[in-house]
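Here's a quick tour of a ligand site and a cavity. Have a look at the model first, then read on.

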Amino acid sequence: ALTGRTTRPVVPEPREERPVGPPLVVLEGVNKHFGALHVLQDIDLTIGHGEVVVVIGPSGSGKSTLCRAINRLEAIDTGSISIDGKPLPAEGRELARLRADVGMVFQSFNLFAHMTVLDNVTIGQVKVRRTPKAAAVDKARELLDRVGLSSQAAKFPAQLSGGQQQRVAIARALAMDPKVMLFDEPTSALDPEMINEVLEVMRQLADDGMTMIVVTHEMGFARSAANRVVFMADGRVVEVATPDRFFSNPRTDRAKDFLSKVL
Ligand code: ADP
Ligand code: MG
């Protein structure tokens with residue numbers, strides 16, 4: 001189209017490197033050390049509203065630390081992380097409230113062993129969100145139904161399979177009405193026959209428009225559910241791409257090498 005002359009042409013970022021929706025999670029110049037180990041190096045990353053970003057990379061590349069930094073389980077040395085326009089404070093009440101905006105699901109299910117499934121999904125709503133008990137229970141039942149576990153509400157975590165426990169963990173995180181869900185290798189500890197039931201719940205969540213950051217080795221999930229793939233190595237974001245482009249035509253040797261081992 002004719003837009004008139006400009007003195008300097010505007011060169012947009014490659015489409016695939018831009019977030020799909022308006023910014024929700026914004027990391028700028030994030031650095032983190034563990035002693036001499038520079039575990040996150042100059043991370044700039046923006047995740048859009050409703051976007052599904054899959055983070056992949058070799059073991060030790062900083063994927064878990066990145067997730068933990070986003071909900072302040074780990075403090076960063078320099079840089080900033082904001083969620084929905086609000087910078088994460090270092091500590092205090094405000095931190096607890098903002099942290100609740102980030103739902104986190106870990107490799108180990110981390111359920112409260114001494115509480116029933118229903119109580120696991122209810123307690124955070126009551127304690128952190130100050131939701132009245134009856135409303136919290138209603139919501140817990142609704143969420144358990146959504147992850148296919150309404151019949152298990154009265155059981156204790158140890159009575160469930162790993163796949164079921166992980167689905168409870170997802171329901172528990174969703175109960176807090178998070179703005180973004182972080183998944184750190186949610187299926188890595190599961191027996192193979194249980195992986196799909198968890199991925200299915202995650203896929204449904206993605207289809208429902210949840211913003212998700214997912215660390216996983218499930219390349220099929222990355223291909224089919226991700227808007228963008230973030231490839232990390234040695235504490236850096238090495239490539240950001242659509243799954244189509246990343247898997248068919250990785251640009252860096254690091255990514256090629258990684259894909260040759262996992263595909
Ligand atoms: P990934 O999840 O990609 O496997 P991590 O974020 O867990 O990587 O770890 C990145 C690097 O930081 C690794 O070398 C790991 O050993 C190191 N690391 C992680 N947590 C700590 C910690 N609490 N103290 C010291 N080193 C750590
Ligand atoms: Mg990890």
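An oxygen atom of ligand 1 sits 3.1 Å from a polar backbone atom of Ser 61, which counts as a polar contact (a pair of N or O atoms within 3.5 Å). Keep in mind that this is a predicted model, with local features needing pLDDT of at least 70, side-chain atom pairs counting only at pLDDT 80 or more, and totals for chains, interfaces and linings using all residues. Residues are numbered from 1 along each chain as its sequence is written, ligands are numbered from 1 in the order in which they are written, and side-chain values use heavy atoms, leaving out hydrogens and water.

| Polar side-chain atom of | Distance to an oxygen atom of ligand 1 |
|---|---|
| Lys 63 | 2.8 Å |
| Thr 65 | 2.5 Å |

On its own, ligand 1 has 560 Å² of accessible area, and the protein covers 58% of that (Shrake-Rupley method, 1.4 Å probe). Strand 2 (37-48) and helix 1 (63-70) are the elements giving two or more residues to the shell, and helix 1 gives the most, with three. Helices here are DSSP runs of H or I with at least four residues, and strands are E runs of at least two. Among the residues around ligand 1 are Phe 34, Pro 58 and Gly 60.

Now for the cavity. About 40 Å³ of space lies in the largest one, and its lining is Arg 146, Val 147, Leu 174, Val 201, Gln 204 and Leu 205. Lining residues have an atom within 4 Å of a point on a 1 Å grid where a 1.4 Å probe fits but cannot get out. Helix 6 (residues 192-207) supplies the largest share of that lining, three residues.

Notes
Near = heavy atom within 4 Å. Polar contact = N/O pair within 3.5 Å; in protein donor to acceptor, adjacent residues only side chain to side chain. 1 Å grid on protein atoms, 1.4 Å probe; cavity = no way out; pocket = protein on both sides within 12 Å on 5 of 7 lines; lining within 4 Å. Points joined across faces, edges and corners; volume = space filled by probe spheres on them.
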